[in-house]
Amino acid sequence: MISPAAQAAGLILWLLVLKVLQVALWPTLSNTFGRFAYPVSYPLSFLLFGGISWYLGLVRLPVQAAVIPFLLIIGYYAATGWYTRERFAGVWKWDAAFLLCFVFMTEIRFFNPMISYAEKFMDHAFLASVMRLPVVAPADPWFAGGTLGVYYYLGHWMMGVTGILSGTPSPVAFNLMLPTVFANAAVSLYAVGHLFLTRFRALPVAALFLANPSFFVQAAMGADAHGILWNSTRTITNTINEYPLFSFLWGDPHAHVLSLFVQALFIFLMLYILKEWGNLPERSRWICLGAAALTLGVMPGTNSWDVLIYAPLLLAVGALVWYQAKDAAVPDPYPWRLFLVCPIVSILAFAPYYLMLTTQGIAGIGIVPTPSSVPEFMLVYGFFIVVFWCATLRDIRETPCLLLVLVPFVLTGYTAAGLAAVPLVALLLRRTFRPAEVITIFGLAVLIFTELFYFIDSMGDVYYRMNTVFKLGLVAWMMMSTGAFLWLGEWLTQHLKDRSAPTWAVRAGAGAIVLLLICAPVLIPDLTYGYGGKTLDGLAWVDNSHPGDAAAVAYLSALPGNVTIVEAEGGDYAYFSRISSFTGIPAIIGMPFHEMMWRGYDAGVSQRMADVRMIYEDPTRSPSLLATYGVDYLVRGDTENEHYTVQLPEDVLEEVFSENGTTIYRVLPRSA
């Protein structure tokens, strides 16, 4: 068990690393982004650090060296006197927003820290694999001899390298991943508010706190905390309808959650470019292009689904900038660069990653035969539909024939999509293409797409559209919530322009929000499901429930070099593959459904499952199988004893560890 002092040290050093990165990039961005350079440098520096460290891992150099360029930049600007008290005095609100959101989510994790159910075994396995041996591509802890090139692992890589640099143990780093994502996403959305709103600038951050209408229906029906959360994300039949608040409370740092801060940053960059490109000097335009290219280039590595939407968004923004070039205050000699150069740069930035990725991908696009019912659709996206109908109500009144847009959708049975199509067409017909309108148009278009089409994957006939609605629905949520809260902010500002609150009331309100965010985690119902909380050590529960396994994990984690183990395999989403998941050390096979999804049916997953059983049950075949897979250590604990009829070949195994019913054997070299 990791001591409270070690947990606190890991937390402080983790924050210190993030701050060093941010302060280093800030001066470089100052002329381009002006007052937004400080907040943008938070997420952008983290992506840049992740990219540099990834390339270091690719060429087998110490990944900790990725911080050296940032330290050199700080040294240079410090020597020139750039970091002055006056500059820091004006940016406190960005630090406050970042730190407040980081603390809020860290408290959530403190009360709900366990690495246990859902995909948490997987996400800690990825993190631990990176931290144990940070090379590219990292070893797959559930498929000995394989790498994580079958999955988009770049988000876990960035977090793992931060853990290495800060000296934070992986079970604690696991619980600092979501606070990092939450704070970086929040500061980008807060910047969006400052970019467009004169009042209510924090409203876009509400995208991370907003629950769907189904959440409130479940609460009104008297469901418990688990039921409210779970049922609100399983509202549309045979799909998953996650929203950011659920993802953060659920506590699983899966790829689709880690990517939320990348999405928020990219949304800010696109909106900033739409608003300011014509006023930027030439050097600043290239820096904007580089920032956009880096952010887009990271997407396939953090959550590949995102790039399917944000790449077209970049092209649309680039086309608008190109079209509006003639009206630019500062002449643009290369108005096509965002449309043509930026996508190429984004691909080149991580070209080696793309070439190494061997995921199964998608087999095509199908037409949805059973779209969402209107009640289900509204229970998930109703807030946005209502807001956008209100936002375009004047357009509908002036052009009632807009309602005819509904007709083909109703006649073909896709009424839910029609509810999103009416405000979408209304915004398109305005032809003003203001930044907030552009992001809203894209969000609505994604929503309509998920109702009409789906990406064909290996989820089967029943859950055929699950991933499409799940992954693209989150993208739509981020886009629509940005547009919705900007519209609400403008509406509130207009209707309350003659009602300014006294200074004391504003300060009291801000103080109340801060107090609420700090205290809210304490008031949230218990979501530990009996595992226990009040720690940042995500494996503390293992010490209590499986002390032998916990000791075995500590023993194996201390082993140097690249080793391979064999342990019990018993399916997914249960207490199997636990040693590989907790240490990052590759096992012969673990979580077979996941590996089948990633590697396909020809990868020999079933054969590996059968071979693991033979290793434990057939002492005549065990030695040759251990040699075939290059196994260095065999684990035997309660899980193996319960799952197999264990008969081990004593002549090739040497006991090196035994505690509380868990034994580890070293596999002896076979004589020639």
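Mentor: Begin with burial: a residue is called buried under 20% relative accessible area, exposed over 50%, and partly exposed in between, using a 1.4 Å probe and protein chains only. This is a predicted model, in which local features need pLDDT of at least 70 and side-chain atom pairs count only at pLDDT 80 or more, while totals for chains, interfaces and linings use all residues. Residues are numbered from 1 along each chain as its sequence is written, and side-chain values use heavy atoms, with hydrogens and water left out.

Trainee: Is Glu437 buried or exposed?

Mentor: Glu437 has 5% relative accessibility and therefore counts as buried.

Trainee: With which residue does Glu437 form a salt bridge?

Mentor: A salt bridge is a side-chain nitrogen of Lys or Arg within 4 Å of a carboxyl oxygen of Asp or Glu. Glu437 pairs in this way with Arg430, their closest N and O atoms being 3.0 Å apart, and Arg430 is partly exposed, at a relative accessible area of 30%.

Trainee: Which parts does the pair of Glu451 and Arg465 tie together?

Mentor: The closest N and O atoms of the Glu451–Arg465 salt bridge are 3.2 Å apart. Because Glu451 lies in helix H22 (residues 435-452) and Arg465 in the loop between strand S2 (453-455) and H23, the pair ties together parts that are 14 residues apart in sequence; helices (H or I, at least four residues) and strands (E, at least two) are DSSP runs, numbered from the N terminus. Glu451 is buried, at 2% relative accessible area, and Arg465 is buried at 3%.
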